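Please examine the sequence and the model shown here before reading on.

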Amino acid sequence: MELNIDNRRTIVDIHENGVRAHPCLVVAIHGDSPFGAVSYQNQFAKTIAQRASNVVSVGLLRPGYKDNLGRKSGGWKGFTVGDNYNRRRIDHIVLAIQALKDLYSPAKVIICGHSGGAAITGKIIAYYPSLADAAVMVSCPADINRWRKDMYEQRRNPLFWGSLRVTSPIARVERIDAETDIHLICGKEDNVTQPYLTETYGDVLKEQGKTVSVDLIPGGHDIFLDEFVVDAVVRKVNVLLNQSKNTQAIEADCQA
């Protein structure tokens with residue numbers, strides 16, 4: 001499916017299961033993928049829909065990226081070295097998520113991001129605290145310039161040299177709604193977004209009174225489709241939908 005908002009195209013892959021009134025909307029955002037097409041967000045969305053009911057699960061293709069079917073979201077993807085987590089691209093994604101909310105009228109919204117998509121997710125819930133009820137951030141480069149330093153030391157790619165004038169998720173924690181349910185997950189052997197980035201981000205979130213859980217699991221960087229991650233999201237879908245049912249029941253009882 002193609003969303004066209006303000007003459008900007010966003011490719012989304014939508015999977016539904018047992019959709020009734022006010023489902024849970026799950027939006028999956030992929031990582032940087034500098035060298036080719038990217039579609040694992042669609043597989044993630046499909047898996048969530050297979051495992052949960054009353055859910056609309058969406059794989060979202062970030063600005064400027066192509067998927068394995070040759071479809072391309074509008075915009076320019078940048079150099080994929082931390083430069084493409086800026087406000088303009090984030091707003092492009094936010095408008096797409098808002099369009100999905102308008103279409104499906106979900107009771108709850110979960111944004112799931114991997115790697116660069118996790119950094120974008122962290123900034124979305126800070127800049128737009130009412131957009132989502134929960135966020136699952138996997139392999140997150142929460143401090144972008146520290147992550148760039150790590151990458152330069154590993155790869156000696158000059159594009160990672162020096163600091164960018166870009167805001168990191170860890171620098172906007174105070175703007176996140178304390179009610180937002182945040183789950184940080186990282187592979188213990190991740191040498192791309194090293195575990196300390198997730199742990200430090202989690203510590204800052206906790207210090208500022210946010211609702212957060214942190215898990216380091218076996219594996220490297222590419223764990224977005226790991227069973228642990230999928231299970232965590234499915235559980236979150238079920239919990240949020242139950243909360244929504246309870247709220248509706250209380251409201252109905254009060255009106256009786």
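Leucine 205 counts as buried because its relative accessibility is 0%, where buried means under 20% relative accessible area, exposed over 50% and partly exposed in between, with a 1.4 Å probe and protein chains only. This leucine has its place in helix 5, residues 195–207; helices (H or I, at least four residues) and strands (E, at least two) are DSSP runs, numbered from the N terminus. Leucine 205 and glutamate 174 lie 31 residues apart in sequence, and their C-alpha atoms are 8.2 Å apart in space.

The model is a predicted one, in which local features need pLDDT of at least 70 and side-chain atom pairs count only at pLDDT 80 or more, while totals for chains, interfaces and linings use all residues. Residues are numbered from 1 along each chain as its sequence is written, and side-chain values use heavy atoms, with hydrogens and water left out.

Proline 169 belongs to the loop between helix 4 and strand 7, and its relative accessible area of 0% makes it buried. Its C-alpha atom is separated by 5.3 Å from that of alanine 142, 27 residues away along the chain. Alanine 28 is part of strand 3, residues 24–29, and counts as buried at 1% relative accessibility. From alanine 28 to valine 81 there are 53 residues in sequence and 20 Å in space, C-alpha to C-alpha.

The backbone deserves attention at two positions. Asparagine 54 has a phi near 55 degrees, a positive value in a residue other than glycine. This asparagine lies in the loop between helix 1 (40–51) and strand 4 (55–60), and at 5% relative accessibility it counts as buried. Serine 115 also has a phi near 55 degrees, again positive in a residue other than glycine. The loop that holds serine 115 runs between strand 5 and helix 3 (116–127), and with 8% relative accessibility serine 115 is buried.

The next topic is the aromatic rings. How many aromatic pairs does a search of the whole structure find? The search finds five; rings of Phe, Tyr and Trp (its six-membered ring) pair if their centres lie within 6.5 Å, with planes under 30 degrees apart counted as stacked, over 60 as edge-to-face and the rest as tilted. Tryptophan 147 and phenylalanine 160 form an edge-to-face pair, with 5.6 Å from centre to centre and 90 degrees between the planes. This pair links distant parts of the chain, since tryptophan 147 is in helix 4 and phenylalanine 160 is in the loop between helix 4 and strand 7 (181–187), 13 residues apart. Tryptophan 147 is buried, with a relative accessible area of 4%, and phenylalanine 160 is buried as well, at 5%. Elsewhere, Tyr40, Phe44 and Phe224 make up one aromatic cluster.

A ring can also meet a charge. The charged end of arginine 87 sits over the ring of tyrosine 127, 4.0 Å from the ring centre; the criterion is that NZ of Lys or CZ of Arg is within 6 Å of the ring centre and within 35 degrees of the ring normal.

The largest pocket holds about 480 Å³ of space. On a 1 Å grid over the protein atoms alone, a pocket is an open set of points where a 1.4 Å probe fits, with protein on both sides within 12 Å along at least five of seven lines, and lining residues have an atom within 4 Å of a point. Grid points are joined across faces, edges and corners, and a volume is the space filled by probe spheres set on the points. Of the 23 residues that line the largest pocket, Asp32, Ser33, Pro34, Arg155 and Val192 lie nearest its centre. Helix 4 (residues 144–155) gives the largest share of this lining, three residues. The lining has 13 nonpolar, seven polar and three charged residues; Ala, Val, Leu, Ile, Met, Phe, Trp, Tyr, Cys and Pro count as nonpolar, Asp, Glu, Lys and Arg as charged, and the others, Gly among them, as polar.

About 210 Å³ of space lies in the second largest pocket. Its lining has 17 residues, and the closest to its centre are Lys108, Asp133, Glu179, Thr180 and Leu240. Helix 6 gives the most to this lining, with three residues. By class, eight residues of the lining are nonpolar, three polar and six charged.
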